[in-house]
Structures are given as structure tokens and as C-alpha cells.
Amino acid sequence: MAKVDLLLGLQWGDEGKGKVVDALTRGYDIVARFQGGPNAGHTIEFDGKKFVLHTIPSGVFNERCINVIGNGVIIDPKIMRDEAESLNAAGVNLTESLRISKKAHLIMPTHRALDAANELALGKKKIGSTLKGIGPTYTDKTARRGLRVGDSLSSNFRQQYETIKASHLAQIKNLHYDINELRLDGMTFDEYEKTWFEAMEYMKRFQFIESEYFLNKALDEGKNILAEGAQGTLLDVDFGSYPFVTSSSVIAAGACSGLGIAPSRIGKVYGIFKAYCTRVGTGPFPTELFDATGDKLRERGHEFGATTGRPRRTGWLDLPALKYAVMLNGVTNLMMMKSDILNDFDEIKVATAYRHNGETIDYMPFDICDETTEPVYTNIKGWKSDIKKSIPQALENYIQFIEKYVGVPVSLVSYGPDRTEVIER
């Protein structure tokens with residue numbers, strides 16, 4: 001029986017999932033996104049070109065691949081149109097390869113305005129939102145008042161839109177903000193709304209499908225499917241560092257509800273992690289570095305958000321957090337990204353435990369957001385050499401240390417941004 005393989009981030013996002021999906025697509029007939037929205041930024045580089053995908057699955061550069069935006073994804077038509085037009089200009093024909101679930105929810109202009117107003121109202125307690133309307137859209141989804149892709153085909157679509165919009169405007173007014181003073185991608189609300197409806201019409205050139213039936217039929221026919229997640233496990237709404245999390249289920253279980261597939265149809269689970277750690281926005285980060293070493297990691301790794309452009313916080317690898325993510329997802333294969341960023345370090349630190357409330361622990365505590373959690377480090381000798389097609393012994397030692405701690409093999413090591421710069425182990 002054919003299975004759906006999963007590819008997930010195991011840290012706070014930005015692990016390099018886009019590159020790995022692109023590299024893996026040779027073996028898959030279908031690539032399907034199962035959650036998140038344009039707060040994601042999956043970067044793919046090849047032939048001297050760089051692409052950042054926010055909504056569209058990362059299999060679009062493989063001509064034989066069908067790409068599905070699943071029901072668990074939320075879509076801003078304007079952002080998606082901009083992305084599609086950019087890909088089209090690069091010679092990628094999406095009209096043949098892209099399918100969109102009718103059950104995927106739409107990010108309305110007022111969702112984005114409400115997101116901005118909520119974040120402004122929180123002041124110093126802000127979550128660190130990407131301001132793409134993610135939280136308000138998922139809130140409406142769970143409150144059963146959302147607008148879905150399939151609704152755009154209905155004759156009363158505009159009426160549905162206006163009803164929800166009126167509710168949002170009342171909420172924004174209660175937060176003491178004027179909708180006309182908020183800017184969305186540099187536009188006034190009215191300008192953005194006009195563009196949004198134009199983009200909604202543009203979206204109709206792609207196939208809207210009953211994605212759960214489409215994917216299960218493909219499995220019955222023996223097709224190979226790769227499910228692509230967004231963000232990272234430590235941002236999961238249930239198991240991440242709440243409330244500094246995203247609004248969807250980013251772990252393996254989320255692929256089942258985000259695509260309409262049964263747990264028994266899950267096959268391999270590829271877990272992606274960086275050789276060090278990064279985080280964008282606020283929230284706990286036990287191994288964060290505030291010194292020249294942290295600056296060096298940021299500069300060498302070009303650690304700036306693909307979606308927001310914000311500088312990423314940087315730190316050493318956190319093994320208790322990684323082991324936690326491996327456990328939650330049932331990871332079968334690990335893939336380590338950006339190992340080359342550590343090429344110049346004489347010594348590398350790895351967190352193997354925490355000091356928390358006077359105890360030494362090796363797990364992520366419930367109150368990690370409220371109490372100081374200090375890392376307990378193990379020092380490992382650096383490899384002090386470039387990685388080109390082969391793994392230096394000191395790097396091999398580093399990898400084996402990680403494998404022993406988390407109990408899962410590292411099957412792929414990435415040493416550069418291009419899709420070809422990987423070593424299979």
C-alpha cells in the first residue's frame with residue numbers, strides 16, 4: 001500500500017525545508033502542503049537563481065510533480081497571485097501542476113488588519129506575528145465563521161465576505177484603531193481589498209478540488225506523495241512554547257487533518273534541523289547567543305527571515321528540544337542543514353540538558369516561557385575545514401553525537417544553499 005511521507009521542521013522554523021522538498025521531489029508524484037499560510041518562507045536555490053515560496057508547495061520545479069495546497073492551509077489570494085506570477089515569469093507553468101483544496105480557508109484583508117491591530121494592542125507583550133493574518137484566520141476557522149476557497153464559486157460569495165468583514169471591523173474599532181489608518185503591504189485598506197478581489201478571480205485559473213478524495217485516490221493508485229509542513233515543531237499550537245507559537249498544528253498529526261489522510265497511511269517522517277538553532281520573533285530560546293559568536297552565526301548563515309526579513313536570533317544546537325520534536329513526530333530520518341556555517345569554529349557547544357528551577361532536566365518544561373531555563377553544554381571539537389562532497393571526521397563525530405542523543409539516524413547533510421550541495425549518509 002502506498003504511503004504519504006512527511007517532511008517537517010524540528011526547530012522554530014527556517015530549517016531549510018524548501019531545499020529538501022525540492023531535492024526529494026524526484027521520487028514523488030505529488031507534493032502537498034498541509035498547514036500554515038504565507039507566514040512560511042521556503043527558499044530554493046539552483047542555477048544561480050533564488051525562489052522563496054510562501055503558499056505554493058516546493059515541488060513546483062519538478063515538471064512531473066502535481067502540487068496540492070491542502071485543506072489545512074490558509075491562503076491570501078493577493079500574496080498567492082504575486083507568487084504565481086513570479087514563478088510564471090521564471091518559466092514555471094502552474095496551471096497544469098497546481099491543485100487547491102476547496103476546503104482551504106481564505107485570509108481576508110480584514111484578517112490582516114485585525115492581526116496588525118491585535119499586535120499593536122499587545123505592545124511589549126506582542127507575539128511577534130508576521131502580520132499576514134494567520135491568527136485571525138485560524139480563529140475564524142475554529143469559530144466556524146471562516147470563508148473557504150470553495151465559497152468563491154458561490155453566487156452569494158460577496159455577501160458572505162461582507163458579513164465576516166463587518167464583524168472584523170467591529171473588533172478593530174473595539175481595539176481603538178481606524179481601518180483607514182492601517183497599511184497592508186503599503187496600501188490603504190480599500191486599495192488592498194480591490195487587489196484582493198482581483199487576485200481571487202486570478203486564482204480561479206487553477207483547479208479547485210476535493211483534495212481529500214484526490215489524495216486518497218492517488219494513494220490507492222500507488223502514487224508517491226510527500227506532505228510538506230511549514231514553520232517548525234517548537235511553534236506548534238499545542239506543543240510549542242505557547243503562547244509564542246503559530247496558529248496551526250505543524251507536527252505529523254497535523255498532516256492527517258490538514259490533508260484528509262488516515263494515520264495508517266503515513267510512511268517515512270523526515271525531520272529537518274539546522275546544525276545550530278535560530279528563532280524569529282519573541283519567545284523562549286534557551287541556547288540563544290548575545291555575543292560575537294551569535295553575530296557570526298547570523299552573518300555566516302544569512303539568518304534573516306525569508307518572509308519578514310527580520311534578523312533571526314541565533315544559538316547553539318539544543319538537543320533536548322530536538323529530541324522532543326523527534327518524539328512528537330515519530331521521525332524516521334533526520335536531515336541536518338547548514339553544517340557549513342560551523343566550518344570556522346574551533347569548538348562547538350551543544351546543549352544536552354537545562355538548569356530549571358534549581359534542577360537539571362533533559363526535557364522541555366511546561367513553564368519554559370515563565371521561568372529562566374539555562375542550557376547545560378557539552379563541548380565538541382570543530383572540523384575547521386570546508387565541506388565539499390565528503391564529511392570531515394570531526395563533523396562525523398558531531399553527527400554521531402546527535403544521533404546517539406536523539407536515537408534517529410542523520411541520512412542527509414546539507415553544506416550550502418544550492419539544491420546540489422547535499423551529502424547522503
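Student: What makes up the count of helices and strands in this chain?

Tutor: The chain has 12 helices and 20 strands. Helices are DSSP runs of H or I with at least four residues, strands are E runs of at least two, and both are numbered from the N terminus. This is a predicted model: local features need pLDDT of at least 70, side-chain atom pairs count only at pLDDT 80 or more, and totals for chains, interfaces and linings use all residues. Residues are numbered from 1 along each chain as its sequence is written, and side-chain values use heavy atoms, without hydrogens and water.

Student: What share of the residues counts as buried?

Tutor: Of the 425 residues, 59% do. Buried means under 20% relative accessible area, exposed over 50%, partly exposed in between, with a 1.4 Å probe and protein chains only.

Student: Which residues make the contact of helix 6 and helix 7?

Tutor: The axes of helix 6 (residues 157–174) and helix 7 (residues 189–203) come within 14 Å and cross at roughly 145 degrees. Axes are lines fitted to C-alpha atoms, for helices over the stretch in contact; angles run from 0 to 180 degrees between N-to-C directions. Helix 6 gives Phe157, Arg158, Tyr161 and Lys165; helix 7 gives Phe189, Glu193, Trp196, Phe197 and Met200. Contact means heavy atoms within 4.5 Å.
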